[in-house]
Amino acid sequence: MSSSENPEIVERVFKDKDKEENDDKKDEQKGGFIEKVKDFIHDIGEKIEETIGFGKPTADVSGIHIPHINLEKAEIVVDVLVKNPNPIPIPLIDINYLIESDGRKLLSGLIPDAGTIHAHGSETVKIPLNLVYDDIKTTYHDIKPGSIIPYKIKVDLIVDVPVFGRITIPLEKTGEIPIPYKPDIDVEKIHFQRFSFEETVAVLKLKLENKNDFNLGLNSLDYDLWLSDVNVGGAELEKSATLAKNGITYIDLPITFRPKDFGSALWDMIRGRGTGYSMKGNINVDTPFGAMKLPISKEGGTTSLKKNKEDGGDDDEDED
């Protein structure tokens, strides 16, 4: 019985080998067929592209604008110029964006269904971004107010083009953006030009400390001043000034007020004692990053009042 079983086993082995060879041939034929189909589709696509004129769209970051910036956030608009060489409109399916600084993510997001690019045309796609400073300072403690940080904006445009299908166009742009800081303000002294109980004309000697790593071009002030809890109003800036980065600048502001409105506090003013003051308002400045409106405030300050010699004062200017 054992001698009759051996040929049977050998026969089965040969049958299995034959089966494997046949399977390999089938796989080769199948693989070759698929490759032929792919080549055929590719050739058809190229012929359609040549005949109808389909092509891949191109895109470029044409500009970055900061239309509004303050102490809370920066509004950034990225302009992307997209060109469509095709004879039909193509949909802009999604826009993925990322803002990072030194490899650290500041902001990311997605804009779906971003519009359509006209046939044989170009469109400037505007991508609005809001960079909230509190989020940045909370996440990255080494980023200080008043500093300038580098940024890189990455944008992926996803478009759907006939023949080619979905295409991702990656874009990048680098630059710098500030983390603004409000200036410190002090009234160094109030110098009387003309003293009268009914109306007094004086000049505020204002000290402004710019704690930013960039200059501020001071264009105007909008403020209210309280002397001894009496609101004496405000005044206009007579000329513009430059607040140097990380520096101190002095400016003169003319004011007019009625001393008799101060009641008993008037005697302290006349005797030259320190006079309490508070100041609140805003300054409008130009910066390398655009115009800003920054708040200024001082609570519980003390200043001195000086009179001209003809009004019985010392008229000293040696403090400057």
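Two strands count as paired when DSSP finds at least two bridges between them. In this predicted model, strand β3 (residues 90-101) and β4 meet that condition with 11 bridges, in the antiparallel sense. Within β4, I117 is the residue that stands opposite I90.

This pairing belongs to an open sheet of four strands, ordered β4-β3-β6-β7 and antiparallel. Its edges are β4 (104-117) and β7 (165-178), each of which pairs on one side only. From one strand to the next, the twist averages 15 degrees.

The chain as a whole has three helices and 15 strands. Of its 320 residues, 36% are buried. Among contacts between residues at least 6 apart in sequence, 68% join residues at least 24 apart. The accessible surface is about 18500 Å², and carbon and sulfur atoms account for 48% of that area.

The structure also holds 10 salt bridges. One of them joins the side chains of K152 and E172, at 4.0 Å from N to O. K152 sits in strand β6 (residues 148-161) and E172 in strand β7, 20 residues apart. K152 is partly exposed because its relative accessibility is 28%, and E172 is partly exposed at 49%.

Another salt bridge links D184 and K211, at 2.8 Å from N to O. D184 lies in strand β8 (residues 184-194), while K211 lies in the loop between β9 (200-210) and β10 (216-227), 27 residues apart. D184 is partly exposed at 29% relative accessibility, as is K211 with 30%.

K280 and E299 form a further salt bridge, their closest N and O atoms being 3.3 Å apart. K280 is in strand β14 (residues 275-287) and E299 in strand β15 (residues 290-306), so this pair ties together parts 19 residues apart in sequence.

How values were computed
Residues are numbered from 1 along each chain as its sequence is written. This is a predicted model: local features need pLDDT of at least 70, side-chain atom pairs count only at pLDDT 80 or more; totals for chains, interfaces and linings use all residues. Side-chain values use heavy atoms; hydrogens and water are left out. Helices (H or I, at least four residues) and strands (E, at least two) are DSSP runs, numbered from the N terminus. Buried means under 20% relative accessible area, exposed over 50%, partly exposed in between (1.4 Å probe, protein chains only). Contact means heavy atoms within 4.5 Å. Accessible areas come from the Shrake-Rupley method with a 1.4 Å probe; for residues, only the protein chains shown count as cover. Axes are lines fitted to C-alpha atoms, for helices over the stretch in contact, and angles run from 0 to 180 degrees between N-to-C directions.
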